[in-house]
Amino acid sequence: MYTRIQHPLHLSMQFMLLFSRQGKLRLQKWYVPLSDKEKKKITRELVQTVLARKPKMCSFLEWRDLKIVYKRYASLYFCCAIEDQDNELITLEIIHRYVELLDKYFGSVCELDIIFNFEKAYFILDEFLLGGEVQETSKKNVLKAIEQADLLQESQNEEWGGLSEDIL
Amino acid sequence: MRMPAPIRLRELIRTIRTARTQAEEREMIQKECAAIRSSFREEDNTYRCRNVAKLLYMHMLGYPAHFGQLECLKLIASQKFTDKRIGYLGAMLLLDERQDVHLLMTNCIKNDLNHSTQYVQGLALCTLGCMGSSEMCRDLAGEVEKLLKTSNSYLRKKAALCAVHVIRKVPELMEMFLPATKNLLNEKNHGVLHTSVVLLTEMCERSPDMLAHFRKNEKLVPQLVRILKNLIMSGYSPEHDVSGISDPFLQVRILRLLRILGRNDDDSSEAMNDILAQVATNTETSKNVGNAILYETVLTIMDIKSESGLRVLAINILGRFLLNNDKNIRYVALTSLLKTVQTDHNAVQRHRSTIVDCLKDLDVSIKRRAMELSFALVNGNNIRGMMKELLYFLDSCEPEFKADCASGIFLAAEKYAPSKRWHIDTIMRVLTTAGSYVRDDAVPNLIQLITNSVEMHAYTVQRLYKAILGDYSQQPLVQVAAWCIGEYGDLLVSGQCEEEEPIQVTEDEVLDILESVLISNMSTSVTRGYALTAIMKLSTRFTCTVNRIKKVVSIYGSSIDVELQQRAVEYNALFKKYDHMRSALLERMPVMEKVTTNGPTEIVQTNGETEPAPLETKPPPSGPQPTSQANDLLDLLGGNDITPVIPTAPTSKPASAGGELLDLLGDINLTGAPAAAPAPASVPQISQPPFLLDGLSSQPLFNDIATGIPSITAYSKNGLKIEFTFERSNTNPSVTVITIQASNSTELDMTDFVFQAAVPKTFQLQLLSPSSSIVPAFNTGTITQVIKVLNPQKQQLRMRIKLTYNHKGSAMQDLAEVNNFPPQSWQ
């Protein structure tokens with residue numbers, strides 16, 4: 001038996017997970033409050049379920065009381081959990097838009113980019129989605145905002161002690 | 001001496017990835033965590049962000065990072081943008097509202113919401129909108145509301161979604177955001193438009209008052225229609241274009257909001273009719289993005305009060321989806337059709353063959369939906385074809401489907417079986433192909449069905465016998481078979497089958513198979529119970545093997561299975577002390593009253609049929625029948641579907657199960673159900689029509705309630721008038737009590753008056769004794785008589801009556817049909 005994901009709120013997206021074909025987690029964005037233990041359990045089970053899917057199967061599956069929308073891009077699986085009333089097809093477009101944004105930012109993005117620059121992947125996601133909903137539908141505007149924020153970060157670093165290279 | 005700078009984030013990642021084993025990785029992690037901890041202890045401000053970032057990486061690998069929570073808060077409080085960026089990210093990953101420490105963020109967030117730099121404000125809004133607890137939301141709602149009114153579209157769009165989160169956590173705060181929504185849709189910025197639509201959607205879904213307000217006062221529908229129209233009609237906009245479609249995200253959200261506004265509202269639905277038709281017909285379908293919009297449009301059309309032409313358009317879109325190569329599209333089509341099949345049944349029926357094809361799809365989710373939809377589409381017209389497909393599916397589908405599929409087939413067969421033979425065959429097919437997946441509750445239902453198919457008993461028991469001869473491992477099949485053999489074993493050995501070639505089987509062979517079931521390791525305790533009871537029942541049906549049966553029964557009297565032991569002991573008692581009762585107790589089961597929908601012999605008008613389904617039963621008789629001199633009750637029967645009257649005196653047939661038997665056998669301590677019934681756990685309650693018990697006691701079993709059912713004049717001719725008054729039973733809604741009163745307005749008495757009645761086959765009737773046999777002249781008195789009618793299927797009441805009497809020296813006789821029963825007497 002598993003603990004039900006409590007969602008008294010009506011949410012569009014409950015969480016988004018990115019993981020490799022070996023089941024290694026590369027990004028996890030949760031829009032519902034859950035304990036670390038619960039998150040781990042969900043992640044483990046869902047990763048197993050999705051990895052077991054055959055290539056000919058459709059991108060949607062019912063899991064617990066959620067709808068799971070997933071798509072594989074090269075070696076990475078992008079996996080979203082949405083509510084029953086949500087539009088699965090547009091969720092696929094949301095996933096695709098995010099990949100496009102990563103691709104534009106990193107220039108031909110691959111899994112390694114996301115491994116080594118995971119914090120940037122989060123920043124980009126947070127300019128695209130907020131609270132599980134799309135906040136900006138223009139690719140250009142999302143990338144512009146990230147660019148500006150990066151510039152701000154760099155300029156401050158220079159200001160603060162000549163560490164012109166990556167502070168991280 | 002200054003501490004060396006902590007290892008860089010990317011350097012650490014590179015190092016950890018070189019680990020060849022889990023143990024090696026763990027060691028590296030532990031070493032780095034120790035370094036980070038001491039760094040934290042030293043309050044190193046410069047590299048705090050680097051250390052937290054590393055911690056977040058290790059957290060993602062699955063290692064504990066809670067010691068970094070407070071550090072995140074320090075980062076958030078810092079003035080450096082990098083610090084805030086990492087700090088807020090860390091907060092979103094490491095903290096959650098269940099921990100009190102998250103509240104420490106509140107003040108920082110409040111300050112940052114008012115920061116001079118919009119990117120800092122953005123961080124704060126994002127964090128609050130992602131993980132803000134109810135307390136935080138309460139504290140900061142005012143700030144969010146302020147930002148919702150800013151002209152800065154970058155902040156405005158984030159504030160809108162933050163407001164959505166606040167409302168979700170603290171619904172009472174919804175009102176305070178209302179003023180700020182006033183001009184949201186006048187924005188040109190798509191980000192603001194999109195998030196505003198999301199906010200309005202949230203408010204309308206949560207509050208009927210808000211919904212009404214936005215419909216009436218704000219005239220939201222025309223605004224949304226205008227925006228949507230612009231999106232469709234405007235030329236190419238590179239910024240928002242996705243495969244030739246302008247801002248599909250916004251289009252989909254608008255369509256969803258329209259759905260909520262149009263639901264149950266004629267005016268709103270009408271106002272959006274044109275735009276929906278336009279989107280439905282003009283949207284490009286070659287890519288997923290276009291289909292996503294079409295899908296949302298279909299959902300909206302089906303949910304609002306759209307005109308029928310639009311609904312048909314929507315269903316046809318779904319029909320086209322079903323033929324799409326993209327299985328994702330087929331999946332959503334099936335899901336949507338499942339939702340609409342009840343309301344737009346005929347339209348969905350047109351796509352039945354495509355849906356049935358989806359049963360063969362490779363994808364499990366598609367198969368499941370196709371199965372559910374197929375069951376929803378089965379009706380009397382397509383039952384044969386559909387059942388062929390569904391039985392094939394049952395054969396070949398994954399185990400996870402078999403139980404549901406079997407149940408669905410049983411249900412459909414019960415409702416629409418074109419003949420009893422077909423029905424039995426279908427059940428047999430399911431039991432033999434998916435016998436171990438059949439649900440437990442199917443067994444008693446099937447037994448009841450078989451019992452009621454009287455003319456099929458010989459055929460059924462023969463087929464079941466043959467089925468378990470080869471293989472008695474499928475428990476539900478064996479249970480049903482054992483019960484039937486016990487019940488109809490006599491038909492089996494006498495070779496009486498009409499439907500197919502009767503088999504030659506001896507009593508010993510029958511007992512062999514039942515004993516094998518008893519012994520087999522595969523048989524569950526319940527199944528063994530069935531087998532033993534069956535063996536016992538055969539003691540009154542078989543002639544040569546009674547001793548063998550006695551022996552078997554006595555052996556199991558010492559079985560370690562308590563259930564079996566109890567049964568065997570009781571059956572032994574039947575043989576020894578109560579042998580005189582044995583035949584009565586083990587008699588054939590009567591037809592059971594079923595409290596569900598129409599049986600296979602009825603004309604069914606459901607699931608989109610326009611004419612009655614073609615059936616293989618005889619039609620009811622049409623005209624009145626010629627009179628005849630004979631007083632034979634059967635003469636009343638014009639066709640073959642009228643049952644004779646059950647005479648007043650109680651028959652020798654015993655009540656089939658339950659309390660009354662126990663009363664008669666007062667001194668036997670029968671703790672289980674008597675032998676006539678199978679295992680108590682699995683047999684449904686056999687409800688007794690109350691009037692059968694009236695043979696034992698003449699008190700009416702129900703309260704006289706003045707229901708105000710109007711009386712009728714059933715017959716009035718030659719001075720003889722017969723009135724019917726009605727009462728309904730309090731305890732059994734299927735029983736109607738009719739009291740007849742016969743009166744005579746002529747100048748001479750009518751003597752030797754006999755009233756007889758007959759009803760159609762689906763009813764049962766009981767006539768109690770009349771008050772007298774003389775109807776006095778000049779209406780000076782009446783004969784009263786009580787008729788009880790059992791109408792389990794709530795059919796329209798019809799009755800034929802026959803009157804015989806002597807009057808003015810001649811024998812009089814008349815037949816009449818009573819058709820003017822008031823609806824309250826039978827509904």
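**Exercise 1. Find which element supplies the largest share of the lining of the largest cavity, and describe that cavity.**

*Solution.* Start with the share. Helix α13(B) gives four residues to the lining of the largest cavity, the largest share. The model is a predicted one.

At least two lining residues each come from α2 (88-106) and β7 (133-134) of chain A and from α13 (248-262) of chain B. Both chains therefore take part, since the elements named belong to A and B.

Then take the volume. The largest cavity holds about 220 Å³ of space. Its lining counts 18 residues, and the closest to the centre are A:Ser12, A:Ile90, A:Ile94, A:Glu133 and B:Arg253.

Finish with the classes. Eight lining residues are nonpolar, five are polar and five are charged.

**Exercise 2. Describe the second largest cavity by volume, lining and class.**

*Solution.* Begin with the volume, about 170 Å³. Of its 17 lining residues, A:Phe123, A:Asp126, A:Glu127, B:Arg85 and B:Leu123 are the closest to the centre.

Now assign elements. Chain A supplies at least two residues from each of α4 (118-128) and α5 (139-159).

Sort the lining by class. There are 11 nonpolar residues, two polar and four charged.

Nine cavities reach the cut-off of 30 Å³ or more.

**Exercise 3. Work out how α24(B) and α26(B) cross, and which residues meet.**

*Solution.* Locate the helices first. In chain B, α24 spans residues 442-452 and α26 spans residues 475-493. Their axes come within 10 Å and cross at roughly 35 degrees. The crossing is right-handed.

Next, list the contact residues, using heavy atoms within 4.5 Å. From α24(B) come B:Val443, B:Leu446, B:Ile447, B:Ile450 and B:Thr451. From α26(B) come B:Pro476, B:Gln479, B:Val480, B:Trp483, B:Cys484 and B:Tyr488.

Then classify them. Nine are nonpolar, two are polar and none is charged.

**Exercise 4. Summarise the fold of chain A: what elements does it have, and in what pattern?**

*Solution.* Count the elements. Chain A has five helices and seven strands. Along the sequence the pattern is β-β-α-β-β-β-α-α-α-β-β-α.

Chain A has 168 residues, and 63% of them count as buried. The cut-off here is under 20% relative accessible area.

Close with contact range. Take the contacts in chain A with a separation of 6 or more: residues 24 or more positions apart account for 50% of them.

Notes. Residues are numbered from 1 along each chain as its sequence is written. Chains are lettered from A and ligands numbered from 1 in the order in which they are written. This is a predicted model: local features need pLDDT of at least 70, side-chain atom pairs count only at pLDDT 80 or more; totals for chains, interfaces and linings use all residues. Side-chain values use heavy atoms; hydrogens and water are left out. Axes are lines fitted to C-alpha atoms, for helices over the stretch in contact, and angles run from 0 to 180 degrees between N-to-C directions. A crossing is left-handed if the near helix is turned anticlockwise from the far one by less than a right angle, and right-handed if clockwise. Ala, Val, Leu, Ile, Met, Phe, Trp, Tyr, Cys and Pro count as nonpolar, Asp, Glu, Lys and Arg as charged, and the others, Gly among them, as polar. On a 1 Å grid over the protein atoms alone, a cavity is a set of points where a 1.4 Å probe fits but cannot get out, and a pocket is an open set with protein on both sides within 12 Å along at least five of seven lines; lining residues have an atom within 4 Å of a point. Grid points are joined across faces, edges and corners, and a volume is the space filled by probe spheres set on the points. Buried means under 20% relative accessible area, exposed over 50%, partly exposed in between (1.4 Å probe, protein chains only).
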